[in-house]
Amino acid sequence: MMKKSISASKASLVLFLCQMISALDVPLDSKLLEELSQPPTITQQSPKDYIVDPRENIVIQCEAKGKPPPSFSWTRNGTHFDIDKDAQVTMKPNSGTLVINIMNGGKAEAYEGVYQCTARNERGAAISNNIVIRPSRSPLWTKEKLEPNQVREGDSLVLHCRPPVGLPPPIIFWMDNAFQRLPQSERVSQGLNGDLYFSNVQPEDTREDYICYARFNHTQTIQQKQPISVKVFSMDSLNDTIAANLSDTDIYGAKPVTERQPILLTPTGSTSTKVELRGNVLLLECIAAGLPTPVIRWIKEGGELPANRTFFENFKKTLKIIDVSEADSGNYKCIARNILGSAHHVISVTVKAAPYWITAPRNLVLSPGEDGTLICRANGNPKPNISWLANGVPIAIAPEDPSRKVDGDTIIFSHVQERSSAVYQCNASNEYGYLLANAFVNVLAEPPRILTPANKLYQVIADSPALLDCAYFGSPKPEIEWFKGVKGSILRGDEYVFHDNGTLEIPVAQKDSTGTYTCVARNELGKIQNEVRLEVKDPTMIIKQPEYKVIQRYGQVSFECIIKHDFTLLPTVIWLKDNDELPDDERFLVGKDNLTIMNVTDKDDGTYTCIVNTTLDSVSASAVLTVVARPNPPFDLELTGQLERSVELSWIPGDENNSPITNFVIEYEDGLHEPGVWHYQTEVPGTQTTVQLKLSPYVNYSFRVIAVNEIGRSQPSEPSEQYLTKSANPDENPSNVQGIGSEPDNLVITWESLKGFQSNGPGLQYKVSWRQKDVDDEWTSVIVANVSKYIVSGTPTFVPYEIKVQALNDLGYAPEPSEVIGHSGEDLPMVAPGNVQVHVINSTLAKVHWDPVPLKTVRGHLQGYKVYYWKVQSLSRRSRRHVEKKILTFRGNKTFGMLPGLEPYSSYKLNVRVVNGKGEGPASPDKVFKTPEGVPSSPSFLKITNPTLDSLTLEWGSPTHPNGVLTSYILKFQPINNTHELGPLVEIRIPANESSLILKNLNYSTRYKFYFNAQTSVGSGSQITEEAVTIMDEAMASRQVDIATQGWFIGLMCAVALLILILLIVCFIRRNKGGKYPVKEKEDAHADPEIQPMKEDDGTFGEYRSLESDAEDHKPLKKGSRTPSDRTVKKEDSDDSLVDYGEGVNGQFNEDGSFIGQYSGKKEKEPAEGNESSEAPSPVNAMNSFV
């Protein structure tokens, strides 16, 4: 029966814990916290082990919060500490902190003890840890007599420090009288206990000032031990001592220094134990004696030393493991080894643990009738004991609470009431320490409160989550509901997420999510609501992102960053380089939509990022800038494999500056012949850094290398070392050997000299050889210095010679040279061409023939023939003029030629001469020929004078170039009407001896166009054109001018004016009445007759204008086409008139060579077919159209 009861009790407990309502979370709202009742909470306290400076006041801290504010009390060594009875002790206002006045007569030792603070208000009491107060101590060293240490070289030695026991323990270090730290090493080192260990002593260890110092940090004092003297005896000095005093040899012996295997100085024995607490630092030490000095190694038996937590100190004599845990327990072995053997020691480590929290109790805020638990779980080694206190009193003797039940490390609360509020303490303790935690149970009954400010505005970016806060508090815990708008329906569905803290989440907010949202909080004690507003903004976008750029050094580059954003948000644009700020450099220009970098340098290479920030979002885009430049010059040139005719050159390329090297150019300098002048040698691909170079003899070479990429050529490298090749015979002979005589009796032999490096050795000379061709003569030779010309005198005129030039130097001759053919000097030709004949082809072209001269008489290289010809006179004019000779040259052995550009109807003469390199030969006898007639040029002018009603007078000048005998003049004319149409064409032939003509029976007030040209027997020449107008009849003109004074015309004008006035009045009245009046339509329907165009079918008046405006509006003729006041028209004006009608002559030339048809692309049509006029109707014609 008992077992069943126990099982049922456990099952109900588990079920209770599973169904337990979670405690209230009190928001950290300062206003709310000020209003809610709350049990005390310790916020600050002194450490458990509190070592104080005995020279200063003791401050024991205890701070707590609660509502109402708590009061404070203290216990000392377990009993109440009445601070009012001790004048040296005061408590700070509104605080539990004690201040013990030591500086005014108090003694710190009198206040040693265990202190505990209690903070209490009407809802409970919280207690602090047990604070152990101990004053620090730094006692002096006890006086002792220290005997000098006399040690044999190689022996071990330990200098003991034995510092006084202080609180806290002092820090130990060894120094000399000069306050310099004594050097330590694998042989000499300080142990954890402060002693100084010598694995073996050496003579340099002899000194009298080994001083141990103890530094007490708490009191900032240093205590000094008396100096220790060490004297090391070497074997030589020891023998001297033995000889002087045999009685002292008993302890040293007379053996020489011998090596010894290791023995451990500390720890002693083969095993030892070590206990360390969890979380502390484990320090294990092994120091060994021996000669040579032993080396220490550490291992863990059955495992590995923990990685990342293991360190070796003091020359590996100390093993340090930080933050140890139970897993670090085990056997640690140290091994000391030298060449003679080893020694080891095993330290058994046990890791214990003071209590540590697994689950510390947490404050509970409950509503009346709710359930809750306080859980206190801790661990340690050994396992800690858990005990509970209520308001600082063991729970077993505390006032009973029916809602409370203790079950080991858990207190269970059921159906709590406001009187159940209290502070509970959990104490977990074992032999190595304790833990104390305060946790209150606060039972509150509060109506709902909404802590989020009213009408708070939330702004988010479209398509991103929107979180609308409704921070609340109430006890019992209120229920939260959300509405959109003031009178909207409750929000439900998958498009919303409702968080436990009251927050409404819209996972994907859209533009239509904008609006007012209402949060309602209610519990059994009341209801409250709050409104917040949500605005959804358009996202910020970079619509034109920066792009990858490649720019040459010192160029200019620009990155664009054009953005689009919500108009209500103010964006800021930040540019970064390699995720850092832009350099502080005036070359970087940040514009509204771009970043410009001026004078780009190599350090500007990198990634540039445009970051656009608003208060709601941030976007970025990046682009890489690659700065390219010509490569850096190669360096470290090296010559290897030197041979007589080759060498290997190698180099290291310079930086390619982001543009791959395509090739290397190798240049050389000949320091022997052309110092300072660099020549092209060869080039290799950019992947090659060595090249085999061909060399010439007798050259002092230096080489340099130039790197080439797409940007350009690098600076040349530093020159290589010099390499002088040996001398040798010349490999080649001079080039471009020629033999040309400068006089009829000489031969000038020339050649291109070898360059310095081509000489192959010192003493460069040339052997010049010649002999007459096709004659059985021996070679004539001469050796000349390093020149490029030799003259052979006394040669026959223009005779062929065989010539050769051979190079030689001090070592010998070049290979046998090839022969070339030259000639001795030329002389003027001896005879003229014969049988000269001329055939006239037309009036401007003739063909001339001649017989060639014998080649022997040319006496040189035949270059051709020259024809001299000139005009003697014109056959149409007997006047003579200046004779201008013209020359035509015909290359080679030609025997005929054409003579273009002759003038028609003229007499010419010509002769022919042969030409060689020396000059011209004698001329042939003059040959006379004549050209036939041609067509004449246009008349020199056409002038129209004396216009009457029916006649015009024409005057003209004869052609400048008649090109024959004139037979007649041809005159054609036709009228032009008001629409520029041409009337019937009339043609008149006029005798050649006439120079004027009166045309009669013409129409009055009519424009006529005239075409005039001259004729020879060959045909008509080019024509000249002109226009003129007959005058108006005076009676008709008077009648037309008086029309404006006629009564019917005046009456018509008055009627029109009256009609316009009536329309304006009607428009004004309708506008004042507010009606809309279509002015444009009315004006179109009742327009002013004076501005209406004339209709040809009803004879109404057309547009009225003055005669001057009429003439201006109808002006198709170009400038200069109108007849001047004297009626004289120049030929150029006539040409322009032809162009205006599209009848200009395409490609014809006047006598002076000017182009007539320069404005027209068509040939001139027959005048009768024309349909356009060159000028608008005259004012007279315009007036005639009215009647």
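# Reading the terms in a predicted model

Student: Which strand holds Thr953, and what makes a stretch a strand?
Tutor: Thr953 is found in strand β80, residues 952-959. Strands are DSSP runs of E with at least two residues, while helices are runs of H or I with at least four, and both are numbered from the N terminus. This is a predicted model, in which local features need pLDDT of at least 70, side-chain atom pairs count only at pLDDT 80 or more, and totals for chains, interfaces and linings use all residues. Residues are numbered from 1 along each chain as its sequence is written, and side-chain values use heavy atoms, with hydrogens and water left out.

Student: How many helices and strands does the protein chain have?
Tutor: There are 10 helices and 86 strands.

Student: Why is Thr953 called buried?
Tutor: Buried means under 20% relative accessible area, exposed means over 50%, and partly exposed lies in between (1.4 Å probe, protein chains only). Thr953 has 12% relative accessibility, so it counts as buried. Across the 1187 residues of the protein chain, 42% are buried.

Student: Which residues does Thr953 touch?
Tutor: Leaving aside residues up to four places away in sequence, Thr953 touches Lys943, Ile944, Thr945, Asn946, Leu997 and Ile998. A contact means heavy atoms within 4.5 Å. In the protein chain, 65% of the contacts with a separation of 6 or more are between residues 24 or more positions apart.

Student: What makes Glu667 and Arg704 a salt bridge?
Tutor: The term requires a side-chain nitrogen of Lys or Arg within 4 Å of a carboxyl oxygen of Asp or Glu. In Glu667 and Arg704 the closest N and O atoms are 2.8 Å apart, and the pair forms a salt bridge. This pair links distant parts of the chain: Glu667 is in strand β59 (residues 661-670), Arg704 in strand β62 (residues 700-709), 37 residues apart.

Student: Are Glu667 and Arg704 buried or exposed?
Tutor: Glu667 has a relative accessible area of 12%, so it is buried. Arg704 is at 17%, so it counts as buried. Elsewhere, salt bridges that share partners join Arg152, Asp155 and Arg260 into one network. The structure holds 38 salt bridges.

Student: Why does the pair Arg533 and Glu535 count as a salt bridge?
Tutor: The closest N and O atoms are 3.8 Å apart, which is within the cut-off. Arg533 has a relative accessible area of 34%, so it is partly exposed. Glu535, at 22%, counts as partly exposed.

Student: How do you know whether Asp209 and Arg207 are buried or partly exposed?
Tutor: Asp209 has a relative accessible area of 14%, so it is buried. Arg207 has 28%, so it is partly exposed. The two form a salt bridge, with the closest N and O atoms 2.7 Å apart.

Student: What makes β25 and β26 a pair?
Tutor: Two strands pair if DSSP finds at least two bridges between them. Four bridges join β25 (residues 310-313) to β26 (residues 318-321), and the strands run antiparallel. Phe311 stands opposite Lys320 in β26. The strands form a hairpin with four residues between them, and Asn314 in the turn has a positive phi of about 55°.

Student: Why do β82 and β85 stand at the edges of their sheet?
Tutor: The open sheet has four strands in the order β82-β81-β84-β85, with antiparallel pairing. β82 (986-991) and β85 (1024-1029) each have a single partner strand, so one side of each is left without a neighbour in the sheet. Within the sheet, 10 bridges join β81 (residues 966-976) to β84 (residues 1007-1016), which run antiparallel. Ile970 stands opposite Asn1013 in β84.

Student: What about β30 and β34, and why are they edge strands?
Tutor: Three strands form an open sheet in the order β30-β35-β34, paired antiparallel. β30 (372-375) and β34 (404-407) each have a single partner strand, so one side of each lacks a neighbour in the sheet. β34 and β35 (residues 410-413) pair over four bridges. Arg404 stands opposite Phe413 in β35.

Student: Where does Ile1065 lie, and why is it called partly exposed?
Tutor: Ile1065 lies in helix α6, residues 1047-1072. Its relative accessibility is 46%, so it counts as partly exposed.
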